[in-house]
There are 2 protein chains.
Amino acid sequence: MAQVYEAPLRDMRFVLHELFEGEDFGDLPHFGEFTPDLTDAILDEAARLTRDVLLPLNASGDAEGCTIENGVVRTPAGFRDAYAQFRDGGWAALSSPPEWGGQGLPETVNKLVEEMICAANLSFSLYPGLTHGATTAILGHASEDLKRAYLPKMVSGEWGGTMCLTEAHCGTDLGLLRTRAEPRGDGSFAVTGSKIFISSGDHDLTENIIHLVLARLPDAPRGVKGISLFLVPKLLPNDDGTCGPRNGVAVAGIEHKMGLKASATCQLAFEESIGWLVGEPNKGLAAMFTMMNAERVSVGIQGLGVGEIAYQSAVAYARERLQSRALSGTARPDLPADPIIVHPDVRRMLMTMRAYTEGSRALGQWVSRALDAEAHGADPETRQRASDFVAMMTPVVKALFTDLASETANLGVQIYGGHGFIREHGVEQFVRDARITQLYEGTNGVQALDLVGRKLGAHMGRYLRPFFHAVSAQLADAAKTSARDLAAWRSSLEQSFGMLQLSTGTIAQKALKDAEEAGAAATDYLRLVGLVGMGHCFLKAARIARHRLGEGTDEADFYTAKLATAGFFFDRILPQATAAFLSIKSGKRSLMALPADAF
Amino acid sequence: MAQVYEAPLRDMRFVLHELFEGEDFGDLPHFGEFTPDLTDAILDEAARLTRDVLLPLNASGDAEGCTIENGVVRTPAGFRDAYAQFRDGGWAALSSPPEWGGQGLPETVNKLVEEMICAANLSFSLYPGLTHGATTAILGHASEDLKRAYLPKMVSGEWGGTMCLTEAHCGTDLGLLRTRAEPRGDGSFAVTGSKIFISSGDHDLTENIIHLVLARLPDAPRGVKGISLFLVPKLLPNDDGTCGPRNGVAVAGIEHKMGLKASATCQLAFEESIGWLVGEPNKGLAAMFTMMNAERVSVGIQGLGVGEIAYQSAVAYARERLQSRALSGTARPDLPADPIIVHPDVRRMLMTMRAYTEGSRALGQWVSRALDAEAHGADPETRQRASDFVAMMTPVVKALFTDLASETANLGVQIYGGHGFIREHGVEQFVRDARITQLYEGTNGVQALDLVGRKLGAHMGRYLRPFFHAVSAQLADAAKTSARDLAAWRSSLEQSFGMLQLSTGTIAQKALKDAEEAGAAATDYLRLVGLVGMGHCFLKAARIARHRLGEGTDEADFYTAKLATAGFFFDRILPQATAAFLSIKSGKRSLMALPADAF
């Protein structure tokens, strides 16, 4: 049994067209041309690409890894061809603006395509992913000259991009960074310093790579207020747009990692490399955060993708592997033993994986709708509300989806038993690949601190309001349901939501006096928000499913399965909320009791 | 920063000498010679050996792995020397009976030494570990002739041992196995078949390897009732005990694994290999289970060991890595940033790791006391009670400790941030190594089924009684405490214990009508038992600590830290019990609702 993946198109169409129909952030006439027929055709094409082109390189890319020889980085066999197909098919330009050659796809569709790419080949996704992140920062902050010189080739995927933030001594705390930029007198700068952990920092997929580098100008203020952002190409473009001479960016090495081995993670040495300022001097962090926030949602989607392939691979094995008889009596007398999918504990694992991925997909789609509405909403009030929701949910999507992805990938290995530990089956790769998503673009602990420290209390709780209002509104709306299961699930959600409301008040109050109280509650609070958010989506999904089944539908299997997954979520997953609530309630005391030198 | 490990001797002496003083299974005069002075000296020596000899080979062994060339398996550089020191120092013979050259150490001490070995080098531990397992089965079931021919060299560590159960199509379900044994007419048998996943199946550490192989006799009944156990040496011994000719056992390959890379996991092909029956014909599974049950406790200890080195490595990094300022205000103005150990979310992770390892060590020691009492208790009633307790706790120790170990190893990586994903820091190895402990010797799901299916309801709940009585007795005894924190923790334990009692009743009742109900509850029930068990140990430890501090002690730091860890456990870990309880309560309905073909 090997890695198994087919894009879950039916569930994707469900979250895209049905789950949030006519809700939340209103219609977006901006995307009028993207009719359901068109978006479904795009999803179908993406499903083919990811299955036929990217998936076959996932295990082989992991086994071979990237290599470096004489400072030149090579991706594993097949990656160059796959990237060429990807680029030539227009996939790199999918969500970029049409004025720069992009296709202007809404995020609601784009994030589903991202999920497919990440599922089929997480390492591969990093190459276009970083380019897209760099493009976003250039779009938002660079001069028109820089945009004209770089965007067309980056949007098309001819050139790649990177984000160069981390140095050996500073990751989370960018205030410590040392890379410096000296004016060269002609409007350009000489950038010098060492960066580590640079995803796609060098490779053989594109003819040029455009680095976005954080550095300090001479006499810049200390700390985060003295950081500027520079665009530093690997090869300096000629005036006609072709690639010119090398620009003093050397690859000092590639990292040997636990996973994500087909993604080239580089140490880069900038030695008086020529670069141009992006945005205002000393405002580099703000520019970088535009990109970073977008990336954080994408990292959440990475987790979701890995979770989905882990789930599908586990289902396939659980159907095929014969071992012992069902506890309820022999299920398959024609076989020497029953397929392990009959065993309740295997079901528990499969259903957990399923609930996590479906729940994440639904919640992710809600956030994608807000991303589109933030950019193209009908009025300023809608755009603000969407933006508030995105601000609150960005750390949740990043940390929740990736924590659940690691759990899901590990459950997948568990279903394979000892065979899961053997490399040839390909499922231990999912554990190793998923692991990075909890770490990069801000560790999940940093996400939780962002949520409680920057989002929870800001503007009198304004960021939280769209989420809280949506859950309240559904609870009120569903109160009149007569279906017993829906009523029970609604009541479970109401209880968890009550715990979330209480926790929010407690943290806001305690943190006013003692910031460590917020830090002590952060991770459990994020999980509580995530559970309530997924519960909200499952209740909504279940109500739609019940309605469709009541009307009569020729897709009864799909809606019945949705009800089953929702039921499992409320019975078996949502109880985690109580544990999170009790942890939060206990406060910082026992957590900080042991002095640092007593560990 | 690299892998950091020093045996936690103070906590080991605490669980060994203080935690269960004068309790449970009474004094064991059999071990009278092992005075505290002697056992402490043994622990000190083991600490030196593991730190100086085994730890330095842990990362290098992982990087190099085992190799096979022309059918010959080689361990990584340094392993031969380390094994020679280990063997010559008498460590291989530690817990074996003196009549066969062993040192007869009680399990209470032996399991602490095992923990050290597994912490310093999990892969290494498999070589003596499997030999010891094979020795146990031979001791328990083989003829005197076989014992005389094999035990002395196996006990001393001159020869190695293996357990050959698994075949490609059968792991959990040994009833399916196909390896066969034909009588050769001289009392020996010709064994033919293919085995996979054989730990220490071949290597260069010992001159001979003694395989214990499950196989079928001609005309054996089908299924598990037709399996016999055979002793099959790699080299046939001559009459004088030296190694003679090869015995048709070929290494078909070694597995490429996620971790545990310095442990040689072999595919073995037996081709008319000469072997001898161990125990009765067709009773091989019973003989193998003697060994398997002992191994399961040891696998739990493996998890504990990996958890401890992950914890220590994370503490060292959290003290050294400077990043951002404390939320409560700058802690170290002399440094460019504060060490990350000041951050509450880092504390949360470190305290979780600490609570898991200390809790597991205490619970493991309780079980070790029962192992000793089972063998050497003063009277049959004590031995039976100890044996019942071991029967119940074996699956709990195996599954709980290893699940917590993987969680702990992952938290360790999380504390390292992106650096945790890079191989040179050595902490992602702990995640990869720990992963196998949840899978082998019966997956953790199989352990949970053993607990609810074979132990919970058997003999009117007799297996559970020693555990339930001990917790009840402490709750009664601690009811009179006037210390506020102890009273609060006692009350938390009482609540969780109530949930455990309720769950036990519910499962016992439901399972009578429907075995799938037991399967659906199994994993959560095992976790609930484990949480209550650790809570029982933490309350006991806290009461002792409070008492010692009240008396006055020059080790106030140790006892104060114990109280802090206990407080954290009750505030932050024990709330998981509620989630497990609610999951169990929901029963099998939502878990089995989705038909197998709808996944």
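**Figure 1. Surroundings of Thr565(A) in the predicted model.** Beyond its neighbours within four places in sequence, Thr565(A) is in contact (heavy atoms within 4.5 Å) with Met351(A), Arg354(A), Ala355(A), Glu358(A) and Phe538(A). Thr565(A) lies in helix H16 of chain A; helices (H or I, at least four residues) and strands (E, at least two) are DSSP runs numbered from the N terminus. The side chains of Thr565(A) and Arg354(A) are joined by a polar contact of 2.9 Å. A polar contact is a pair of N or O atoms within 3.5 Å; within protein, one must be able to donate a hydrogen and the other to accept it, and residues adjacent in sequence count only if both atoms are side-chain atoms. The relative accessible area of Thr565(A) is 0%, so the residue is buried (under 20% relative accessible area; exposed is over 50% and partly exposed in between, with a 1.4 Å probe and protein chains only). The model is predicted: local features need pLDDT of at least 70 and side-chain atom pairs count only at pLDDT 80 or more, while totals for chains, interfaces and linings use all residues. Residues are numbered from 1 along each chain as its sequence is written, chains are lettered from A and ligands numbered from 1 in the order in which they are written, and side-chain values use heavy atoms, with hydrogens and water left out.

**Figure 2. Helix H1 of chain A and its packing.** Helix H1 (residues 9-18) of chain A is largely enclosed by the rest of the structure, because eight of its 10 residues are buried. The buried residues are Leu9(A), Arg10(A), Asp11(A), Met12(A), Phe14(A), Val15(A), Leu16(A) and Glu18(A). They pack against helices of chain A, including H2 (36-54), H5 (107-120) and H9 (344-376). Helix H15 (515-551) and helix H16 (556-573) of chain A also receive buried residues of H1(A).

**Figure 3. Interface of chain B and chain A.** The contact takes 88 residues from each of chain B and chain A. About 7600 Å² is buried between the two chains, and carbon and sulfur atoms give 60% of this area; buried area is the accessible area (1.4 Å probe) that two parts lose on being put together, summed over both. Phe421(B), Arg572(B) and Phe599(B) supply 12% of the area that chain B buries against chain A, more than any other three residues.

Figure 4. Two salt bridges (a side-chain nitrogen of Lys or Arg within 4 Å of a carboxyl oxygen of Asp or Glu) are found across the interface of chain B and chain A. In a salt bridge, the side chains of Arg572(A) and Asp524(B) meet at 3.3 Å, N to O. Between chain B and chain A, 46 residue pairs are in polar contact, both residues at pLDDT 80 or more.

**Figure 5. Cysteines without a partner.** Over all chains, the structure holds zero disulfides (pairs of cysteine sulfur atoms within 2.5 Å). The sulfur of Cys170(A) is too far for a bond, because the closest cysteine sulfur, in Cys164(A), is 13 Å away. Cys170(A) is buried, with a relative accessible area of 0%. For Cys66(B), the nearest cysteine sulfur is that of Cys266(B), 7.8 Å away. Cys66(B) counts as buried at 13% relative accessibility.

**Figure 6. Positive phi at Phe197(A) and Met460(B).** Phe197(A), in strand E5 (residues 189-199) of chain A, has a positive phi near 60°. Met460(B), with a phi of about 55°, is in the loop between helix H12 (444-456) and helix H13 (465-478) of chain B. Met460(B) is exposed, with a relative accessible area of 78%.
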